[in-house]
Amino acid sequence: MSLCLVIDEMHPSLEAMLREIGVQIHFRPDLKAAEVSAALAAHPYDGLMVRSKLRITADVLAHGPHLRYVARAGAGVDNIDEEALAAAGVTLLNAPEGNRDAVGEFAIGLLLSLFRNVVRADKEVRQGVWRREANRGEELGGKVVGIIGYGHMGRAFARRLSAFGCTVLAYDTDPTVQADQYATLVTLAELQARVEVVSLHFPYSKANHHFINDAVLSAFQNPIWFMNTARGEVLDHAALVAALQNGRVRGAALDVLENEKLGTLTPEQQARFDYLKSADNVILSPHIGGWTHQSYYRINEVLTRKIAAFLARKPAQG
């Protein structure tokens, strides 16, 4: 029986799913980040399942000498040191398939809300203000939409855009990424020349920190609508604020921020956040793009399949 330590809250279906493939779990969402290393050392765990409680580093891995895999319950792996895993011979498993549909639907909702002034109009009506002409909106049909990052999330968004009659252009730095019937792969320069909407769907890494910066935003030839459901750190928020102020960005929807612990903002971050939260052409949400009841369950299914496949091809050590 394989043994896996689970340190974050998970859908309650997890234990039964893993038991079916011969994996026993120690479910410890009560563990504080500082206690995880000691917990790993206490048992011969060959699996560790996490969400975002702590960063998985070489030091953490050193306390789990029997570890064979780390399973990330979600898509992003920016809280995991992949080089440290490779050095330790530990396999990384994640589950972007589990919440891609949730993100795709949410991105459509954000875009429609931006175009039709839904959030602003709702606030006004609640305050007894009835402004129809000032809230006249845009239609999505016929727009040229640019997707930066054409993996699971980008493709899910593109597939839904197809129903609206949009032209979808996609850019990805990975040369192995292939086009499909929902989008045409183009260079970043061509995307910047043609699109009216930009949506980010690529994972964060040190290499793409502030990938979207003032130079990138300035190169768009049309005023754009901007959305980020990826990671806050891929965007230079100072550049976005400047682009909103000078009209290069017509409106923005941000499901992620540069610092999502709002009680710890630096003075500079606070100034940017104050602008964003006061702007009536900006929509903010608390990193919920992939956060649905269905994806919560589906992530378990995806990880269970991947753990079963991993265990089947890699015999137990010792």
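**Strands, helices and nonpolar cores of the predicted model**

Strand β1 (residues 2-6) is mostly covered, with five of its five residues buried (buried means under 20% relative accessible area, exposed over 50% and partly exposed in between, with a 1.4 Å probe and protein chains only). Helices (H or I, at least four residues) and strands (E, at least two) are DSSP runs numbered from the N terminus. The model is predicted: local features need pLDDT of at least 70 and side-chain atom pairs count only at pLDDT 80 or more, while totals for chains, interfaces and linings use all residues. Residues are numbered from 1 along each chain as its sequence is written, and side-chain values use heavy atoms, with hydrogens and water left out.

From β1, the residues S2, C4 and V6 point one way and L3 and L5 the other way, and all are buried. The chain passes from β1 through helix α1 (residues 14-20) to β2 in a right-handed β-α-β crossover; right-handed means that, with the strands pointing away from the viewer, the path from the first strand over the helix to the second runs clockwise. Strand β1 runs parallel to β2 (residues 23-27), to which five bridges join it; two strands pair if DSSP finds at least two bridges between them. Three bridges join β1 to strand β3 (residues 47-50), also in parallel. L5 has H26 as its bridge partner in β2 and L48 as its bridge partner in β3.

A UniProt record (unreviewed entry) lists residues 108-289 as "domain: D-isomer specific 2-hydroxyacid dehydrogenase NAD-binding"; UniProt positions are given in the numbering used here, feature names are shortened, and annotations may be inferred rather than shown by experiment. Over residues 108-289 the chain is 34% helix and 16% strand, with the end C-alpha atoms 10 Å apart.

An open sheet is formed by seven strands in the order β8-β7-β6-β9-β10-β11-β12, with parallel pairing. Its edge strands, β8 (184-185) and β12 (282-284), each pair on one side only. Two bridges link β7 (residues 167-171) with β8 in the parallel sense, and the bridge partner of A170 in β8 is L185. Helix α7 (residues 152-161) packs on the sheet and touches β6 (144-148), β7, β9 (197-200) and β10 (224-228), its direction making about 165° with that of β6. Contact means heavy atoms within 4.5 Å; axes are lines fitted to C-alpha atoms, for helices over the stretch in contact, and angles run from 0 to 180 degrees between N-to-C directions. Helix α10 (residues 237-246) also packs on the sheet, touching β10, β11 (249-254) and β12, at about 140° to the direction of β11.

Four of the five residues of β7 are buried, so β7 is largely enclosed by the rest of the structure. Five bridges join β6 to β7 in parallel, and V145 stands opposite V168 in β7. The β-α-β crossover from β6 through α7 to β7 is right-handed.

A nonpolar core is a set of buried Ala, Val, Leu, Ile, Met, Phe, Trp, Tyr and Cys residues joined through side-chain atoms within 4.5 Å. The largest such core has 34 residues, of which I148, L200, I212, F226 and L240 touch the most other members. Helix α10 gives the most to this core, with five residues. Apart from this core lies another, of 23 residues, among them L110, V145, F157 and V197.

L303 lies in helix α12 (residues 293-313) and is buried, with a relative accessible area of 0%. Residues up to four places away in sequence aside, L303 touches M49, A71, R72, A73, L93, N94 and A95. The C-alpha atoms of L303 and A95 are separated by 6.1 Å, although the two residues are 208 residues apart along the chain.
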